[in-house]
Amino acid sequence: MRLNVHTSGGGDRTALLVHGAMSDHRTWHAVEDALLARGYRVVAPDMRGHGRSPRGAYTPELLARDLAENLPQGAEVAIGHSMGGLALSLAVERLGPRRAVYYDPGWLFTAVRDGDIAAMRKMVATADAEAIAAANPRWSPDDVKAEAAGFALFDPDFFTMITDCAGQDLLPARPVVPSLVQLADPSFTISPEAAEELKERGFEVRVVAGTGHCSHRDDFDAYMASLDGWI
């Protein structure tokens, strides 16, 4: 599958940015600008079923294969959010970045509760910019605009993957490259027990205090501060 891949900047260091479910590459606009200012070239795909990338079957393995086949190898850093963090973790050995950042990654499908998928389907189908802004008062107008645009292009069939993976524990056994796990406060994707297990397995774990699942939009400065030493 050939993904739609957004690129910007002409720096000699490359940063890969992989969005989460229901979004597309535009969710990264503020992070992208910050990385460009630091001299990076930014490469940000739309995962299959998102943005302007094709639709298809949905499994974690297919998402990972798409990244491996469409993104450059050897990036300075790769960051994956939520479901993008899961896909990145399954592709990281093939992509070979120098560092990886897994941001509130979707590794524990045991956290999916009855009714979550139905609620997300309804949100994507009915939410407009006004509703998104009301639900996320700390987001900038550009963040709200990007979220609405992502919803409009998202394939709801993607939710079948989450249903199919229900109950699975996909925590990586080890960091393939030096790896940071960024967590929301609290994280609904990684439990406190899982966070401790990740530390024991060799991952660095940092919490972006006072933020939800989309920390980069809830508190951009705190999110970027949590990347200190990794970008």
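Among contacts in the chain between residues at least 6 apart in sequence, 74% join residues at least 24 apart, in what is a predicted model.

Me: How many helices and strands does the chain have, and how compact is it?

Reply: The chain has 10 helices and seven strands. Its radius of gyration is 16 Å, close to the 17 Å that the globule rule gives for 231 residues, so the chain is as compact as a globular protein of that length. Buried residues make up 52% of those 231 residues, and the C-alpha trace spans about 40 × 35 × 35 Å along its principal axes.

Me: Which residues of helix α1 are buried, and where do they fall around the axis?

Reply: The general idea is that an α-helix has 3.6 residues a turn, so residues three or four places apart point the same way. In helix α1, which covers residues 29-37, V31, E32, A34 and L35 are buried; seen down the axis, the buried residues fall within an arc of 165 degrees, so they line one face of the helix. What covers them includes the strands β1, β2 and β3 together with α9 and α10, and α1 is followed by G39, whose phi is positive, near 90 degrees.

Key: Residues are numbered from 1 along each chain as its sequence is written. This is a predicted model: local features need pLDDT of at least 70, side-chain atom pairs count only at pLDDT 80 or more; totals for chains, interfaces and linings use all residues. Side-chain values use heavy atoms; hydrogens and water are left out. Buried means under 20% relative accessible area, exposed over 50%, partly exposed in between (1.4 Å probe, protein chains only). Helices (H or I, at least four residues) and strands (E, at least two) are DSSP runs, numbered from the N terminus. The arc is that of the directions from the helix axis to the C-beta atoms. Contact means heavy atoms within 4.5 Å. The radius of gyration is taken over C-alpha atoms; the globule rule is 2.2 Å times the number of residues to the power 0.38.
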